[in-house]
Each structure stands twice: as structure tokens, then as C-alpha cells.
Amino acid sequence: MTQSHSQRVTRSDVAKEAGTSVAVVSYVINNGPRPVAEATRQRVLQAIKKTGYRPNGIARALASGSTQTYGLIAPDISNPFIASMAHALQREAFSDGKVLLLGDAGDNSGRERELINNMLHRQVDGLIYTSVDRHPYIELIQESGTPCVMLDRVDPGLNVSVIQVDEQLAAWQVTKHLIDHGYCDIGIICGPREMLNTQDRIRGWQLALEESSLIINPSWIFSTNYTRAGGYEATKRMLQGKPPRALFATNEQQALGCLNATQESAYNVPSLTAVRQPVDKMARAAIDMLKNWDGEVRRVEFEFFLRVGESCGCQGHEVQPETR
């Protein structure tokens, strides 16, 4: 008779049901190390089904040295890019026989640290990590010996493996695209200034303007959170003064907030021209990096694509990344 759900079924229960020893049950479950006669093996399998026995995953993990899990620490899962990346990582981990545990820091650095500690206590086989403020808790992870791959640019001095695109080049190409349309007065909605990726995106914007001998107007740099509300608020600030003729929003949520604000001001709402990252390829590379971890630090950079919509004055299509 099947055991009550309130009482965990043990290997002893299976052995009693099958009329054999606990050791034989273990040999069947683990497919060794000793052979088991086929008739006995079938009795054990039937007993497992009848009793509802489920192997203790924690015990097996301690014995094998692997929990068959990866951890993902992300700043805000509501961000569409992070959500799409999490989906791709989960698919790649599952195809590799692993479970992906998700930790959403909610844009809170303290919560991020707690999540990392929680993942490390669970002895995950590897961490995939994007920090809230781009100043990650790398030492905490490295002290544990847990393999880790970052999904964003970090200080090279941290000596950590990274999957990334060249955000400075992407920002340069977007700005150059606007310049090619004949725009001279180009502003930028960016993230918090202390973030490394914000600094990369501002620098790309500046380089494109400098190369075309255009004026860089500091009053057209609108720093805000990487959220739709941030983009909305920054655009409202921009519209209170003399706005630029063109605008580069450095994240899609900011751009959507910007469109909401301009729509309220009787502007048109066209489809977005935006940089697209190869999420599936990046996820596959991150999982492969953890799967084949050898302790070597690697930095893998992927090409991005400029998906051209109507917001810049073009017909929609994809543009390959350019080089400077």
C-alpha cells in the first residue's frame, strides 16, 4: 500500500515491498556498482512505483558532488531583456539536464547579496550573474569556488568570465545612424552615471558626435533608472526646456517611457529603432562555459544588430554592426 504523503517513503520501505535488501534497491536506483538480476530489478522497480518512492536529490548531490542546478541572479526579472535571457538560459540548462534557479534582486543590492548567499548554500554547480549596480559581489562567489559567468561588462580587474556585447560600439552605431539621417542636435537618455554600462553608452554617443564634429551638449544627457517610468520622467524633464531634434534612449524600457511622454505632447508614436542582442547564442555560451568550467577566465563578445524601425525615419529592417 502506498505510504501517506506525510510520511516519507524510504529505501527500506521499497526493499520490504520488493522482498530484497536495501543495498539491492540502491544498485537498481544507481544502476550499479553491482549487477542485479533482471527479475529482481523488475520487482524493485514495481515496488518503487507502488510505494511512490522518490530518491533524495540532496543526498545524491552530496554523494556525486553535483546538485545538477545552476543559479541566475538578475537585477529585475520584469525587464524584458532579462526575462528573455532567463527564458533562453532555462531552456539551455534544461537541455543539459540541469535546473535553473532564479534569483530576482528587485534592483536592491542588499537583496542581491542575500540571493547569492542562498544560491551558494544550495551548492549550485554554477552562477550566471548580472549585478544591480555593476559592482558585483565577485569575491563572495570566488571564495566559494563556484563557477561564475557575468552577463554584463565588469571591471577587468575583477578577473571574472563575461558574456557581453560591445555596448560602446552599439551606442556609437545608433548615434551615427541618427547623424546619417541629418540630425545634429542629439540627446541621450541613459542609466545611472555610476554604472559601467551607462558609461559605455554615453562614451559611444560622445564618440559618434565628436567624429562628426557635432556639439556635445551636457544639458541633453538625461540620467535616470533603466525603467519605463525613468524614461517617461526623463522625457518630461527634457520637454520642459529646449529639446534636441533626436534622442537616443539607451534601454528599451526607457524608450517606451519616452514614447508615452511624447505621445502626451502630441508627438507621433512610431515603431522603435533599437539594438538587439543575440540572446539565444549568449545563453548557450554561458551554459557551455559553466558546463566545461576549468577555472580559466574567458571574455566572449557577441555581435549585436540594429533593428531599424520608424522612430528614426527609416523603413524597418536589420543592420549589421559597423566598425570604427
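Is D294 buried, partly exposed or exposed, and what is its relative accessible area? D294 is partly exposed, at a relative accessible area of 46%. The model discussed here is predicted. This briefing covers the contact of helix α5 with helix α12, then the salt bridges, of which there are twelve.

**Packing of α5 and α12**

- Helix α5 spans residues 80-95 and helix α12 spans residues 279-291; their axes come within 9 Å and cross at roughly 50°.
- The two helices are therefore oblique to each other.
- The crossing of α5 past α12 is right-handed.
- On the α5 side, the contact involves F81, S84, M85, A88, L89, R91, E92 and A93.
- On the α12 side, the contact involves V279, D280, M282, A283, R284, A286 and I287.
- By residue class, the contact of α5 with α12 holds ten nonpolar residues, one polar residue and four charged residues.

- Side chains of opposite charge can pair when their charged atoms come close.
- E92 and R284 form a salt bridge through their side chains, with an N to O distance of 3.5 Å.
- E92 belongs to helix α5 and R284 to helix α12, so this pair ties together parts that lie 192 residues apart in sequence.
- Both partners are also among the residues through which α5 and α12 meet.
- E92 has a relative accessible area of 13%, under the 20% limit, and therefore counts as buried.
- R284 has a relative accessibility of 37% and counts as partly exposed.

- R237 and E233 form a salt bridge in which the closest N and O atoms are 2.6 Å apart.
- Both residues lie in helix α10, which covers residues 228-240.
- R237 and E233 are four residues apart, about one turn of the helix.
- R237 is partly exposed, at 34% relative accessibility.
- E233 is likewise partly exposed, with a relative accessibility of 34%.

**D294 and R298**

- The side chains of D294 and R298 are joined by a salt bridge, at 3.0 Å from N to O.
- D294, with its relative accessible area of 46%, falls between the 20% and 50% limits and so counts as partly exposed.
- R298 is partly exposed too, with a relative accessible area of 37%.

**A salt-bridge network**

- D96, K98 and K291 are linked to one another in a network of salt bridges.

How values were computed
Residues numbered from 1 in each chain as written. Predicted model: local features only at pLDDT ≥ 70, side-chain atom pairs only at ≥ 80, totals over all residues. Heavy atoms only, no water. Axes fitted to C-alpha atoms, helices over the stretch in contact; angles between N-to-C directions. Parallel < 35°, antiparallel > 145°, perpendicular 65-115°, else oblique. Left-handed = near helix turned anticlockwise from the far one by under 90°. Contact = heavy atoms within 4.5 Å. Nonpolar A, V, L, I, M, F, W, Y, C, P; charged D, E, K, R; others polar. Salt bridge = Lys/Arg side-chain N within 4 Å of Asp/Glu carboxyl O. Buried < 20%, exposed > 50% of the residue type's maximum accessible area, 1.4 Å probe, protein only.
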